[in-house]
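Hi,

Here is the structure I said I'd pass on to you. Have a look at it first, then read my notes below.

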Amino acid sequence: MSSAMPMYQNGEVDPAVKALEARQDEIMHKLYELKAAVEGLAKTVTTPDADLDLTVSSSFSSQSSSSTTFKGTADLDTLLGKDLGALRDIVINANPAQPPLTLLVLHSLLCQRYRVLSTVHVHSSVTGVPPQLMSCLGPRHADSYARQMFQLGFTLIWKNVPKLQMKFSVQNMCPIEGEASVARFLFKLLAPYPSDPALATLVDSWVDTAFFQLAEGSAKEKTAVLRALNSALGRNPWLAGPEFSLADIVCYCCVLQSGPASSTPTNVQRWLKSCENLGHFGPAKLLLQ
């Protein structure tokens, strides 16, 4: 359309021209939305989940109000491959019967570090997904139709899978299975693992303990883990020392998911409040209400 718009003698723009421009903007916006939807469907064909039958829910970009600073920096090109112009999309298949609370917290942290386009889908293998699961990645982003504006894609697909799976939009990457393994991968997008082998082992130990004993263990095992947490938190403010880490994220979510304990130790209670004060655990808590 020409930049020189027809005007009346008094200098006002012809209302018909204004209406035409508004209509043109609306058409362009719908075209961008259609382009984003087509790209989203094309993406599923290039992953090992080519059988997907998806109902697109919404695209989101969450932004947490608080901020956590991790030591060190993460380079997306090193971790995910060189940016060739297409949105680098992390695709996660999760069973709605077992919502991955840890990944929701990590998603919130990723949105602080990067411009993240987040999308929720439903696979045809599941029905009746609750509304809170459909909106678990936050409100719809106004620019979701413009994928080129984002650094990272985060696609969550509610699907009937026995174990959580993560795939990335490159052909040479094998799927990663299990919430613990996916959590480790996502955390590396925020900060490198501790360079001290002993500290890195301590973080890994807490992650495994949380998933295999606290989340899935017997009542006796859960009680033992709570005692161990209380002892560790009596020496340091966080589980891996003076710094908040993946160990705290995973253990908090597993404590939350395992339900209220009859008598939560004092140090654990203090640590739970410290975690909540960071503001990252809201999405996880909402799913359990």
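Let's start with Ser 245, which counts as buried because its relative accessibility is 9%. Buried here means under 20% relative accessible area, exposed means over 50%, and partly exposed is in between (1.4 Å probe, protein chains only). Ser 245 sits in the loop between α7 and α8. Once you skip its neighbours within four places in sequence, Ser 245 is in contact with Phe 187, Val 203 and Ala 240, where contact means heavy atoms within 4.5 Å.

Before you go further, keep in mind that this is a predicted model: local features need pLDDT of at least 70, side-chain atom pairs count only at pLDDT 80 or more, and totals for chains, interfaces and linings use all residues. Residues are numbered from 1 along each chain as its sequence is written, and side-chain values use heavy atoms, with hydrogens and water left out.

Now the overall picture. The protein has 10 helices and 6 strands. Those labels are DSSP runs numbered from the N terminus: helices are H or I with at least four residues, strands are E with at least two. Of its 289 residues, 46% count as buried. If you take contacts between residues at least 6 apart in sequence, 78% of them join residues at least 24 apart.

**Helix α8 and what covers it**

Helix α8 covers residues 246-257, so to speak its 12 residues reach 17 Å from the first C-alpha to the last. That is close to the 16 Å expected at 1.5 Å a residue, the expected span being 1.5 Å times one less than the number of residues. How many of the 12 residues of α8 are buried? The count is 10, which leaves the helix mostly covered. Among the buried ones are Asp 248, Ile 249, Tyr 252 and Cys 253. The cover over these buried residues includes α3 (101-113), α5 (179-187), α6 (197-214), α7, α9 and α10 (282-287). After α8 comes Gly 259, with a positive phi near 95 degrees.

**Two helix pairs**

Two packed helices are described by the angle between their axes and the distance between the axes. The axes are lines fitted to C-alpha atoms, for helices over the stretch in contact, and the angles run from 0 to 180 degrees between N-to-C directions.

Take α6 and α8: their axes come within 8 Å and cross at roughly 10 degrees. That makes α6 roughly parallel to α8. For the wording, angles under 35 degrees count as roughly parallel, over 145 as roughly antiparallel, 65 to 115 as roughly perpendicular and the rest as oblique. On the α6 side the contact uses Val 203, Trp 206, Val 207, Ala 210, Phe 211 and Leu 214, which meet Leu 246, Ala 247, Val 250, Cys 251, Cys 254 and Val 255 in α8. This contact divides into 12 nonpolar residues, no polar and no charged. Ala, Val, Leu, Ile, Met, Phe, Trp, Tyr, Cys and Pro count as nonpolar, Asp, Glu, Lys and Arg as charged, and the others, Gly among them, as polar.

Then there are α7 (residues 219-233) and α9 (residues 266-277), which pack at an angle of about 75 degrees with axes 7 Å apart. These two are therefore roughly perpendicular to each other. Leu 226, Leu 229, Asn 230 and Leu 233 from α7 meet Thr 266, Asn 267, Val 268, Arg 270 and Trp 271 from α9. Here the residues are 5 nonpolar, 3 polar and 1 charged.

**Strands**

Strand β3 (residues 116-123) has 8 of its 8 residues buried. Val 116, Ser 118, Val 120 and Val 122 lie on one side, with Leu 117, Thr 119, His 121 and His 123 on the other. β3 pairs with β4 (residues 152-158) in the parallel sense over 7 bridges; two strands pair if DSSP finds at least two bridges between them. Val 120 has Leu 156 as its bridge partner in β4.

Strand β5 (residues 165-168) is covered on both faces. It pairs in the antiparallel sense with β2 (residues 89-94) over 4 bridges, and Asn 93 stands opposite Gln 165.

Happy reading!
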